[in-house]
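I opened this entry to record what I looked up in one chain. The notes go from the overall fold to the sheet.

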Amino acid sequence: MEVNLKRYGLYLIRWQLSTPILAGVLMVLSSMSALVATIIANLIGGLIFFWVDRFIFTSRTLEAQWEVRDNIRCVDCGTIARGYRLVKTGSYDRSEDREPEFRCETCSERKSEELRERGVKH
Ligand SMILES: [Zn+2]
């Protein structure tokens, strides 16, 4: 199984975020029995994190893989700068590209916009 590190990282952060929320709820409900308070806290956590998790596991934005390289010549404007290229997202796959095209930040943003208009989500 291929693990997407961006998804994995966000998922770990999301677990940390759930800690203060659950702790806060437990404090507010401290007059109740620990079992009932925990059930309610988990219910509240579930209501919130269902949506967060859904984003983490289904977002196309997180699927996109970019390659960043220093000191490349931008294929569009010829500037020597830090270069970016979209390697893979959904049906767009340039991971086997023998002559990868890098672009400077400005040109990369323009190209990004072009791809979006062509329906390549990233
Ligand atoms: Zn450029």
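I count helices and strands as DSSP runs, with at least four residues (H or I) for a helix and at least two (E) for a strand, numbered from the N terminus. The model I am reading is a predicted one.

**Entry 1: elements.** By that count I get three helices and three strands for the chain. I then read the elements along the sequence and wrote down the pattern α-α-β-β-β-α. I checked the overall spread next: the radius of gyration is 21 Å, well over the 14 Å that the globule rule gives for 122 residues, so the chain is more spread out than a compact globule. I also took the extent of the C-alpha trace along the principal axes, which is about 65 × 30 × 25 Å.

**Entry 2: domains.** I looked up how the chain is divided and found domain 1 at 5–59 and domain 2 at 64–117. The centres of domain 1 and domain 2, taken over C-alpha atoms, are separated by 37 Å.

Entry 3: What share of the 122 residues is buried? I noted 8% for the chain. For the contacts with a separation of 6 or more, I noted that 49% are between residues 24 or more positions apart.

**Entry 4: the sheet.** I traced an open sheet of three strands, ordered β1-β2-β3, and its pairing is antiparallel. Which strands stand at the edges? They are β1 (65–73) and β3 (92–93); each has a single partner strand, so one side of each is left without a neighbour in the sheet.

**Entry 5: β1 with β2.** I found seven bridges joining β1 to β2, and the two run antiparallel. One pair I wrote down is Ile72 with its bridge partner Ala81 in β2. The hairpin of β1 and β2 has six residues between the strands, and I noted that Gly78 takes a positive phi near 80° there.

**Entry 6: β2 with β3.** I placed β2 at residues 80–89 and found two bridges joining β2 to β3, again antiparallel. Which residues of β3 do Lys88 and Thr89 stand opposite? Lys88 stands opposite Asp93, and Thr89 stands opposite Tyr92. β2 and β3 form a hairpin with two residues between them. In that turn I noted Gly90, with a positive phi of about 50°.

Key:
Residues numbered from 1 in each chain as written. Predicted model: local features only at pLDDT ≥ 70, side-chain atom pairs only at ≥ 80, totals over all residues. Domains from an automatic or database assignment. Rg over C-alpha atoms; globule rule 2.2 N^0.38 Å. Buried ≥ 20, exposed ≤ 12 C-beta atoms within 10 Å, placed from the backbone. Contact = placed C-beta atoms within 7 Å. Pairing = 2+ DSSP bridges.
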